[in-house]
Every structure is written in structure tokens, then in C-alpha cells.
Amino acid sequence: MTADVSIRNATKVFGAFRALNDVSLDIAAGEFIVLLGPSGCGKTTLLSILGGFLEPTSGTIAIGGKDMTHVAPAKRPTTTMFQDYALFPHMKLSDNVGFGLRMRGMAKAERDEKALAMLDLVGLKASAAKKPHELSGGQRQRVALARALAVDPDVLLLDEPLGALDLKLRRQMQDELKAIQKRVGTTFIHVTHDQEEAMAIADRIVVMNHGRIEDVGAPSDIYMRPRSLFAAGFMGEANFLPGRVTGITAGEARIETALGRAVIPVSAFTGGMPSADNKVTLCIRPEHFRSAGEDGATVALGRARITDSAFFGAHHRCHLQPEGGADVVVTAHLPQTAHPQPGDELELAVKADTIVALVEGQETRS
Ligand code: ATP
């Protein structure tokens with residue numbers, strides 16, 4: 001089962017503190033949504049409001065077109081899976097998975113059949129008679145997922161479910177979680193502060209900061225076309241180069257930065273169009289820098305000198321400074337075949353479609 005979710009102007013205030021600030025979001029049925037942001041940004045507060053464990057101070061929540069704002073958790077078509085998945089130690093796996101069904105009065109034979117089907121879904125059918133202590137951390141996590149899905153929620157809410165696992169297992173479970181979500185088609189809303197996890201599993205990522213949504217989009221959209229400085233910086237590494245608009249003509253903006261003069265397409269402005277004299281920030285990923293004249297690098301940025309360089313296998317990670325711009329340091333990943341040395345001077349450039357620009361005052365949604 002699956003359902004769409006509509007959050008309208010949700011705000012949650014604790015005392016004088018606004019943990020969630022006027023959040024609106026539409027989630028399609030069957031989407032895998034990840035709420036991503038630093039500790040304290042309001043992810044868990046939003047998830048708790050969706051699960052019914054908290055009521056919003058204002059705003060509304062609808063699931064499957066029905067208003068759920070004041071409906072108790074047990075009466076919602078949602079299940080929440082927490083990080084400490086609290087399996088019953090004395091119960092075998094099939095009884096753990098069937099527990100919610102028993103609470104709903106399902107007969108034993110039917111319950112066992114459903115529990116086995118769910119254990120099969122997570123690859124643990126053969127272990128149905130085992131107890132939780134006989135399992136690895138990853139297997140216990142899968143049982144918790146089977147238990148959460150056994151009651152056929154329309155929406156599964158997952159609060160850092162992989163947080164307790166070591167990195168290798170975490171990566172493996174991310175792939176499994178994504179595959180299982182695609183198989184069952186249930187709407188998943190998953191909280192994490194791990195940007196790589198978000199990219200690995202999400203159909204769409206919701207980047208949050210200070211109780212607000214900063215950006216929403218497919219992982220590649222947010223990485224390539226972030227609409228706020230915060231989203232650009234949280235989704236991977238970015239150089240933020242301050243500049244000023246010196247002129248705008250059809251389709252192009254002339255920008256002055258510490259590196260020099262650049263002409264960028266106005267389509268680089270993801271948060272709103274600039275006006276002449278606006279202060280702007282150019283966001284450039286380290287791997288998007290090229291040497292001027294290199295294949296497709298049509299936006300020349302200016303000259304800079306390499307201050308240090310380290311070999312990272314796939315690329316050289318270099319820091320560069322423009323002449324006379326002692327307070328500006330740019331990080332660039334130069335190709336393996338380049339042999340960058342400290343002291344070398346480069347004409348830095350980028351491909352037009354990899355540059356993002358934000359006007360001051362529009363660079364964050366909050
Ligand atoms: P984390 O990743 O650390 O769990 P989060 O993004 O999930 O962070 P929330 O748990 O939603 O953050 O909390 C958002 C803010 O609201 C935090 O500053 C937190 O201290 C505050 N907060 C949450 N619950 C309460 C509460 N019951 N009373 C007071 N403040 C609260």
C-alpha cells in the first residue's frame with residue numbers, strides 16, 4: 001500500500017524555539033524521500049509530526065488526501081522505524097515480525113504466513129525460528145524493516161535507521177533498503193544527516209536547516225543546481241567565490257571575482273535572476289574546474305597559482321590563490337594526467353553548465 005503526503009505550512013514551536021518553521025512539501029505516493037540536514041535542523045520533529053507523535057503548533061498534514069493533523073499515531077496509515085529497533089529478545093523472528101499483526105487481531109496461521117513473506121522480502125526467511133541475539137546488526141535491522149512493513153503501512157517513516165551500523169554495512173543496507181522500497185512501492189520518508197546516504201537511496205532529497213526547507217530535488221539536481229548556498233555546501237564540497245555583477249546582456253551576466261572577470265550564462269542563477277551591481281556568489285565544485293582551453297571549458301574565471309597539491313588516485317587535489325587575492329583559496333581537483341606543482345599558474349575555467357550562481361539575499365531560503 002502507498003499514499004501521497006501533503007505538508008502545509010507546518011510549524012512547531014517548543015517554548016520560544018521554532019524547531020520547524022513554515023514547512024510545506026508534497027510527496028507523491030511511492031516516493032523515497034530523504035530528509036537531510038545537520039543535527040537540530042528539525043528532521044525528527046517533522047517525522048514525528050508525520051507519525052502523529054507530535055502535533056504541529058500550526059499547519060496541516062494530509063496522507064492519502066485525508067487530514068491527519070490531529071489523528072493519533074495508531075490511527076494513521078503510517079509506521080515509524082526508529083534507530084534502536086527494539087526487537088523482543090525472547091521471541092523468534094517470525095513472532096517479532098508478526099507482533100503488530102497480532103495486536104490487530106490477525107489469526108495465527110495468517111499472521112505466520114505474512115511474517116514469513118516479510119522475512120522473505122528481507123532475505124531472512126530461513127532464519128524465521130531464530131531469536132534476535134543470533135543475528136548480526138544488519139540482520140536485526142532487516143527484521144525491524146520486515147516488522148514495520150508487515151502491517152502494510154501506506155507510509156513508512158524511518159528515523160536514522162542505519163545510524164547504528166558500521167560504514168560498510170551501512171552502505172550495503174542502503175542498497176537493500178532502496179531495492180526493497182522499489183519492490184513494495186510504499187512511500188518511504190527517511191531521516192539522515194549523511195549526505196552520501198541521501199544520495200544513495202533517495203528519489204528526492206529535502207535539505208533542511210534551522211527548521212526550514214532549503215532545497216528539494218533529485219540528488220543530481222541538488223548537487224548540480226543547488227538553490228541555496230547551504231544546500232550546495234551540505235551536498236558535497238563546493239567553492240564559494242564572492243563576486244559582483246558588472247553588466248547583464250541577453251542570456252549572459254558579467255561578473256567580477258577575486259580571480260578576474262567572467263561571463264556566465266544567466267541560467268547559472270538557480271535562485272532568481274540578478275540585476276546589475278548585485279553581489280553574488282559563484283558555487284563551483286572542485287571537480288568542475290578545468291584549465292582554460294580544455295575540452296568544453298567555455299567560462300574563463302581568471303588566473304591563479306597552485307599553493308599545494310596532493311595526489312588522490314583519481315585526481316590531484318590542489319589549492320590555488322589568485323595573484324593579490326591572499327584571502328581567497330580555491331580547491332580544485334585536477335586530472336590524474338596533469339602534474340600540478342606548487343607555484344604553477346593556471347587559467348581556471350569551467351564548463352558553462354557546471355557553474356551555479358546565487359544572488360546575495362536569495363542564496364538561502366531561510
Ligand atoms: P538530530 O539529527 O540531532 O536528531 P534533528 O534535525 O532531527 O536533529 P530535531 O530532533 O527535529 O532535530 O530537533 C530540532 C530542534 O528542536 C533541536 O534544537 C532540538 O533541541 C529542539 N527540540 C526537539 N524536541 C524538543 C522538545 N520536546 N522540547 C524542546 N526542544 C526540542
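Predicted model: local features only at pLDDT ≥ 70, side-chain atom pairs only at ≥ 80, totals over all residues.
Residues are numbered from 1 along each chain as its sequence is written.

The protein chain is divided into domain 1 (5–231) and domain 2 (238–353), the bounds coming from an automatic or database domain assignment. The centres of the two domains, taken over C-alpha atoms, are separated by 39 Å. Five residues of domain 1 are in contact with five residues of domain 2, two residues being in contact if their C-beta atoms, placed from the backbone, lie within 7 Å. The side of domain 1 that touches domain 2 comprises two nonpolar, one polar and two charged residues, where Ala, Val, Leu, Ile, Met, Phe, Trp, Tyr, Cys and Pro count as nonpolar, Asp, Glu, Lys and Arg as charged, and the others, Gly among them, as polar.

The ligand is surrounded by Phe 14, Phe 17, Ala 19, Gly 37, Ser 39, Gly 40, Cys 41, Gly 42, Lys 43, Thr 44, Thr 45 and His 193, a residue being near a molecule if its C-beta atom, placed from the backbone, lies within 6 Å of it. The elements that give two or more residues to this shell are β2 (17–27) and α1 (43–51), with helices (H or I, at least four residues) and strands (E, at least two) taken as DSSP runs numbered from the N terminus. The largest share of the shell, three residues, comes from α1. By class, the shell holds four nonpolar, seven polar and one charged residue.

Helix packing was examined next. Two packed helices are described by the angle between their axes and the distance between the axes; axes are lines fitted to C-alpha atoms, for helices over the stretch in contact, and angles run from 0 to 180 degrees between N-to-C directions. The axes of helix α2 (residues 93–103) and helix α3 (residues 108–121) come within 8 Å and cross at roughly 120°, which makes α2 oblique to α3, since angles under 35 degrees count as roughly parallel, over 145 as roughly antiparallel, 65 to 115 as roughly perpendicular and the rest as oblique. The crossing of α2 and α3 is right-handed, a crossing being left-handed if the near helix is turned anticlockwise from the far one by less than a right angle, and right-handed if clockwise. Residues of the contact between α2 and α3 divide into seven nonpolar, two polar and four charged.

Helix α2 also packs against helix α4 (residues 137–150) at an angle of about 30°, with the axes 7 Å apart, and α2 and α4 are therefore roughly parallel to each other. In this contact, Leu 93, Asn 96, Val 97, Gly 98, Phe 99, Gly 100 and Leu 101 of α2 meet Val 143, Ala 146, Arg 147 and Ala 150 of α4, a set with seven nonpolar, three polar and one charged residues.

The axes of α3 and α4, in turn, come within 9 Å and cross at roughly 130°, which makes α3 oblique to α4. Here Lys 114, Ala 115, Met 118, Leu 119 and Leu 121 of α3 meet Ala 146, Leu 149 and Ala 150 of α4, and the contact contains seven nonpolar, no polar and one charged residue.
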